[in-house]
Amino acid sequence: MKLVLTGNEAAAFGAKLARAQVISAYPITPQTVSVEKLAEFVANGELDAEFVEVESEHSALSVCVGAAAAGARAFTATSSQGLALMSEILYIAAGLRLPIVMANVNRSLSAPISIWCDQQDSISVRDCGWIQLYCENNQEILDSIIQAYKIGESVHLPVMVCYDGYILSHTAEVVDVPDQSSVDEFLPPYQPPYKLDPENPVTMGPVGVPEYYQEFRYALHEAVREAKEKVIEVDRDFERRFGRGYGLIENYRCDDAEVVVITMGSLSGTVKEVIDKRRERGDKVGMIKVRCYRPFPHREILGSLESAEGIAVMEKDISLGATGALYADVTTAIQNSDRRPLVMDFICGLGGRDVKLDHVEETIETIKKCVARRKIETPVKWLGLRKEVL
Amino acid sequence: MKGAEKITLGAVITKPGSTVEYETGGWRTLKPVVDAEKCVGCGLCWLYCPDGAIKKGKPIEIDYRYCKGCGICSTECPRKAIRMEMEETK
Amino acid sequence: MKELLEIEEELLAPGHRACPGCGEALAIRIALKALGRNVIVVQATGCGEVVSTPYPQTAWRVPYIHVAFENAAAVASGIECALKKLGKKDVKVVAFAGDGGTADIGLQALSGAVERGHDFIYICTDNEAYMNTGIQRSGTTPFLAWTTTTPAGKVGRGKRQWKKDVPAIIAAHRAPYVATASVGYPLDLYQKIKKAKYIKGPCYIHIQCPCPPGWRFDSSKTIQVARKAVESGCWVLYEIEHGQMRVTFKPSKRIPVSEYLKLQGRFRHLTQEEIQKFQELVDQEWKRLGLE
């Protein structure tokens with residue numbers, strides 16, 4: 001059934017169709033409508049779930065941990081400061097191997113406080129052991145949340161579905177909402193390998209003494225890495241059933257591209273427009289949209305860079321004092337191959353700063369000049385910077 | 001490094017009460033000794049033992065594998081039937 | 001008492017690494033006798049959790065989870081919700097946390113869980129300082145007590161503030177059942193926890209647990225110290241059911257607080273004047289509670 005939904009509404013429909021059983025969240029702009037919608041579904045009897053109006057994000061995720069540990073399907077949503085506040089528990093949820101699903105509405109971090117979009121919040125916690133998926137549009141949000149439970153429950157890892165604040169969360173698009181029975185066939189009820197139950201008493205969250213801790217971390221790291229296979233498998237299954245698939249990355253016209261733009265999230269849509277326009281003129285350009293950011297798809301990205309001589313990473317985050325995070329991951333992949341394309345990092349869109357088609361054009365032009373000169377202008381460049389106020 | 005069993009998913013421990021494999025009795029410097037004649041089997045020492053290292057009965061029995069020698073049982077015994085003695089040096 | 005003495009099953013196994021004479025370990029052991037097997041335990045980071053779950057061993061013979069320091073009540077809320085959804089009707093969720101994980105860092109989550117009215121029991125095992133990290137002061141550390149962050153010397157005289165009254169805070173939330181207890185009065189403790197087991201809604205039980213290394217007394221004196229706390233009126237045993245307070249053990253005549261304080265090295269530095277001040281504050285507290 002096709003509905004016109006904002007990104008937040010799409011997320012709520014996703015959690016509803018996935019039959020989330022315990023929903024716990026704390027309001028924060030621009031996530032609010034997603035949980036309000038879920039509260040409505042519960043109040044109307046459309047979703048049979050326990051809705052917990054917690055007193056902080058830290059407790060929101062803690063409630064999900066308790067619920068998942070006891071064998072229920074748990075869901076939460078947050079943004080920015082809320083994600084930062086619950087960050088302690090993010091690491092714990094991953095360490096406990098609980099398949100919680102979270103919608104994170106990408107919003108910039110304080111200080112100064114900003115409610116507008118960038119991806120600093122979720123990228124800042126990329127090390128925590130959660131699978132991270134970044135959505136390009138509202139359809140992908142709904143689909144990814146349903147897929148997230150299937151992935152997480154198979155590999156025993158929590159999954160964060162990220163989407164841009166305001167740009168997606170508050171913008172309405174046509175979304176194909178699958179019917180409940182089809183989703184039920186795709187996503188059976190949660191069957192945890194262990195759960196808190198007096199019939200079979202287990203202890204969860206013990207002290208990880210030095211004789212074992214490193215091995216637990218290794219096992220977790222391997223689990224996240226190997227989850228790539230499951231992300232692909234679940235996506236293929238979803239595509240077979242629902243006609244829509246997203247993969248780990250999207251290779252958009254990269255096969256003979258000399259210049260490739262790499263990006264995540266809604267920005268992909270903007271970049272695609274420029275790629276298409278340039279291709280009409282015979283310009284050999286392409287785009288890689290990174291959908292699955294953790295685990296990072298090194299191999300898959302290299303596979304789409306066969307012909308690339310110049311790469312522009314466009315990202316809405318900055319590892320302060322270093323470079324953008326996506327750039328660091330991409331250059332790691334390249335370093336461990338025998339290819340040596342030139343790579344530049346373009347920081348853009350912070351705090352909701354609009355990333356225009358012109359910016360994308362500027363990026364591609366810059367890279368082309370670098371390729372011609374055989375050297376980069378500078379590793380990191382900021383787009384749309386208001387130099388007059390600095 | 002000790003312990004060569006395969007690690008579990010998320011460090012879950014599936015053997016309830018497995019601390020029994022660690023005999024805290026090795027911690028003692030003082031050990032409780034029961035005077036069987038005086039003990040009336042009231043069970044108060046059993047109740048107050050933080051380690052559950054006492055077996056009820058008349059007389060009670062100290063489980064020396066786990067007894068840490070804290071001396072609570074000796075202090076609380078209403079019949080003064082438990083005295084604390086120096087643990088023998090090994 | 002007979003009933004309690006007959007509960008043979010040890011749901012907290014020996015071999016845990018608690019200090020000899022640990023008040024908290026005893027409190028948990030007795031609490032589990034009242035609770036039985038049909039529970040799910042959440043424990044906050046602290047002495048209890050650290051000594052009872054050194055991977056790959058666990059002392060717990062009931063389902064158990066430890067998550068973090070400040071969120072035992074939130075995790076308990078999540079488990080309670082899951083049990084509702086999964087149709088598990090007679091399993092009780094019980095959160096154990098120390099004074100740090102309750103009165104200080106854990107207060108927000110506890111307040112939220114009680115305000116939302118979750119059906120669970122929250123048990124605070126209060127050893128009156130952050131013992132696991134080496135005896136630092138918490139909100140429930142008593143007035144003038146030495147701790148490593150409130151040491152006693154020429155300028156500093158130990159903790160400067162009175163003990164934070166967490167039971168009163170929870171009672172103000174209108175929780176259906178709030179009680180104080182002591183390991184020195186195990187039957188009273190047992191009865192209160194049993195009561196809580198059968199009450200629907202958030203129940204709060206605050207157990208004073210003397211700590212030999214932290215309070216500085218010989219490990220054999222844990223129960224003696226616990227009793228003197230109650231006999232001197234420094235720790236009052238009561239329960240509040242639907243707003244009505246009832247003292248469950250009232251010493252016929254309170255012994256002087258000095259009898260309690262002198263047993264513990266953490267009060268060794270107190271001058272006569274300071275002991276007198278302490279006495280006055282306890283007297284005032286008793287008047288305020290309408291106990292005499």
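## Burial and overall form

A residue counts as buried if 20 or more other C-beta atoms lie within 10 Å of its own. In this predicted model, 57% of the 390 residues of chain A count as buried.

Chain A has 13 helices and 16 strands. Its radius of gyration is 21 Å, close to the 21 Å given by the globule rule for 390 residues, so chain A is as compact as a globular protein of that length. Along the principal axes, the C-alpha atoms of chain A fill a box of roughly 70 × 55 × 45 Å. Among the contacts in chain A with a separation of 6 or more, 79% involve residues 24 or more positions apart.

## Two domains of chain A

The domain assignment divides chain A into domain 1 (2-242) and domain 2 (249-389). The centres of these domains, taken over C-alpha atoms, are separated by 28 Å.

Where the domains touch, 29 residues of domain 1 of chain A are in contact with 21 residues of domain 2 of chain A. On the domain 1 side, the elements that give two or more residues are α6 (120-124), β6 (131-134), β7 (159-164) and α9 (210-242) of chain A. The largest share of that side, 5 residues, comes from α9(A). By residue class, the domain 1 side divides into 16 nonpolar, 7 polar and 6 charged residues.

## Contact between the chains

Chain B contributes 11 residues that are in contact with 17 residues of chain A. The chain B side of this contact consists of 7 nonpolar residues, 3 polar residues and 1 charged residue.

Conventions. Residues numbered from 1 in each chain as written. Chains lettered and ligands numbered in written order. Predicted model: local features only at pLDDT ≥ 70, side-chain atom pairs only at ≥ 80, totals over all residues. Contact = placed C-beta atoms within 7 Å. Nonpolar A, V, L, I, M, F, W, Y, C, P; charged D, E, K, R; others polar. Domains from an automatic or database assignment. Helix = DSSP H or I, 4+ residues; strand = E, 2+ residues; numbered from the N terminus. Rg over C-alpha atoms; globule rule 2.2 N^0.38 Å. Buried ≥ 20, exposed ≤ 12 C-beta atoms within 10 Å, placed from the backbone.
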